[in-house]
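Open the model in your viewer and have the selection tool ready. Each stop below says what to select and what is there.

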Amino acid sequence: MNTETTYRVGLIGTGRKGNGHARGYVANPRTELVAAADPDPSNLAIFLERFAVESYDDYHEMLRVEGLDIAAPILPVKPNPGVVIDCARAGVKAIYCEKPMAASLDEADRMVEETSSRGIAFASGDAYRNMPQHWKVKALIDSGELGPVQSINLYQPTNEISGGGCQGLSVLRLFADDADVEWVTGWCADDPWSDDDQNMGGYIRFANGIEGYVHTKPSPRDGIEVVCEKGVYHTGWYGGHLWRGTSRGGEFVEDATFFDEFGGTDYGWVTPSGRRQRGGIQSIVEAIDNGTEPRCSGDNMRKVLEIAIGFRESHRNGYSAVRFPIEDRSLKILPKPGRLLNKKEVYGEEAYAEMIAGAAEKPIAGAALD
């Protein structure tokens with residue numbers, strides 16, 4: 001593969017988040033944003049003021065005409081599975097959609113099958129998992145310097161474990177070496193009999209023996225803490241620390257220079273929010289180049305959704321253990337309306353006009369939108 005190849009990108013969905021992804025593709029020297037599709041003429045008009053690309057009101061036509069390498073559906077959750085599958089069948093090299101990628105396990109299964117069976121790189125989410133500092137720590141762990149991972153604490157008070165909470169669960173899976181889950185026990189903060197997204201927590205037993213704990217109550221310890229035999233890594237996502245030690249109960253010393261390349265501060269490091277999006281786009285480029293999985297793959301997001309559903313099913317069954325894989329693939333979590341449906345429909349024309357105007361006004365090199 002010629003690593004100087006420039007990949008042609010077509011965006012599907014030119015709303016608030018679509019503007020953010022478009023800036024990322026424009027900023028990457030290996031990607032060329034050539035087209036965008038949206039049935040909403042006002043959204044598309046605002047987008048075209050910012051980006052000089054071919055425009056379509058029907059994404060099927062864009063896929064047929066443009067000879068795309070990367071399809072980027074940046075859509076509400078409800079239509080996303082069908083559009084991702086259409087993109088896969090159109091013969092693109094890669095698909096990079098947003099999170100959560102689907103509501104049900106069955107939808108997620110079909111998306112992964114349609115892409116993996118065709119050898120298409122499939123990524124999901126402008127995600128913390130794409131941030132390079134986590135992968136530097138992962139490489140250090142893989143080298144054996146910190147000893148094996150013993151347990152992982154995710155401090156995640158959120159009202160949507162599938163929406164925003166998929167971020168933390170994705171990083172937790174990374175440091176569990178993306179091992180299969182054997183079983184989980186868990187609980188919901190609200191109604192376990194509701195399919196709506198909500199705050200959930202619990203215990204995850206991975207097949208490699210690593211234990212994960214998802215804490216749901218607010219505390220000063222935000223983010224994720226990876227406890228190894230000879231070290232501890234803590235990150236609040238945009239800053240963090242690495243400590244090293246030699247024995248149980250002994251003194252641990254901070255490695256004050258480990259994160260210098262990411263911008264060292266008194267808090268260890270602080271990285272611009274745009275870095276996670278830039279990392280995600282670079283990851284999809286490298287996945288095409290090398291035939292590897294993107295850092296935050298669709299398969300990862302499918303397994304994250306399964307963990308969340310497992311927590312809820314455990315609560316529904318008297319907090320009993322839920323064995324994986326979950327047999328009933330019709331089970332689902334319905335994201336918040338602003339993620340499940342078109343935001344303009346949910347929030348109204350006036351409020352959405354302010355959102356998308358703000359997105360379009362941000363500079364191309366600016367921070368990614370959450």
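Begin at the largest pocket, where 48 residues form the lining. Select Leu-75, Pro-76, Gly-338, Arg-339 and Lys-343, the lining residues nearest its centre. Keep in mind that this is a predicted model.

Now colour the elements that give two or more residues to this lining: helix 1 (16–27), strand 7 (149–155), helix 7 (166–175), helix 10 (337–340) and helix 11 (343–347). The space in the largest pocket comes to about 1,000 Å³. Colour its lining by class, and you get 18 nonpolar, 14 polar and 16 charged residues.

Next, go inside. Nonpolar side chains tend to be buried together in soluble globular proteins. Here the largest nonpolar core has 75 residues. Select Ile-95, Met-101, Ile-152, Phe-175 and Ile-204, which have the most contacts inside it. Then pick helix 9 (residues 298–316), which gives the most to this core: seven residues.

What does Met-101 touch, leaving out residues up to four places away in sequence? Its contacts include Val-77, Pro-81, Met-111, Phe-122 and Met-301. Asn-80, Ser-124 and Arg-302 are also among them.

Turn to strand 5 (residues 94–97). Ala-94 and Tyr-96 point one way, Ile-95 and Cys-97 the other, and all are buried. In a regular strand, side chains alternate between the two faces of the sheet. Ala-71 has Ile-95 as its bridge partner in strand 5.

A second, separate core has 23 residues, among them Val-9, Ala-123, Ile-281 and Val-285.

Methods:
Residues are numbered from 1 along each chain as its sequence is written. This is a predicted model: local features need pLDDT of at least 70, side-chain atom pairs count only at pLDDT 80 or more; totals for chains, interfaces and linings use all residues. Side-chain values use heavy atoms; hydrogens and water are left out. On a 1 Å grid over the protein atoms alone, a cavity is a set of points where a 1.4 Å probe fits but cannot get out, and a pocket is an open set with protein on both sides within 12 Å along at least five of seven lines; lining residues have an atom within 4 Å of a point. Grid points are joined across faces, edges and corners, and a volume is the space filled by probe spheres set on the points. Helices (H or I, at least four residues) and strands (E, at least two) are DSSP runs, numbered from the N terminus. Ala, Val, Leu, Ile, Met, Phe, Trp, Tyr, Cys and Pro count as nonpolar, Asp, Glu, Lys and Arg as charged, and the others, Gly among them, as polar. A nonpolar core is a set of buried Ala, Val, Leu, Ile, Met, Phe, Trp, Tyr and Cys residues joined through side-chain atoms within 4.5 Å. Buried means under 20% relative accessible area, exposed over 50%, partly exposed in between (1.4 Å probe, protein chains only). Contact means heavy atoms within 4.5 Å. Two strands pair if DSSP finds at least two bridges between them.
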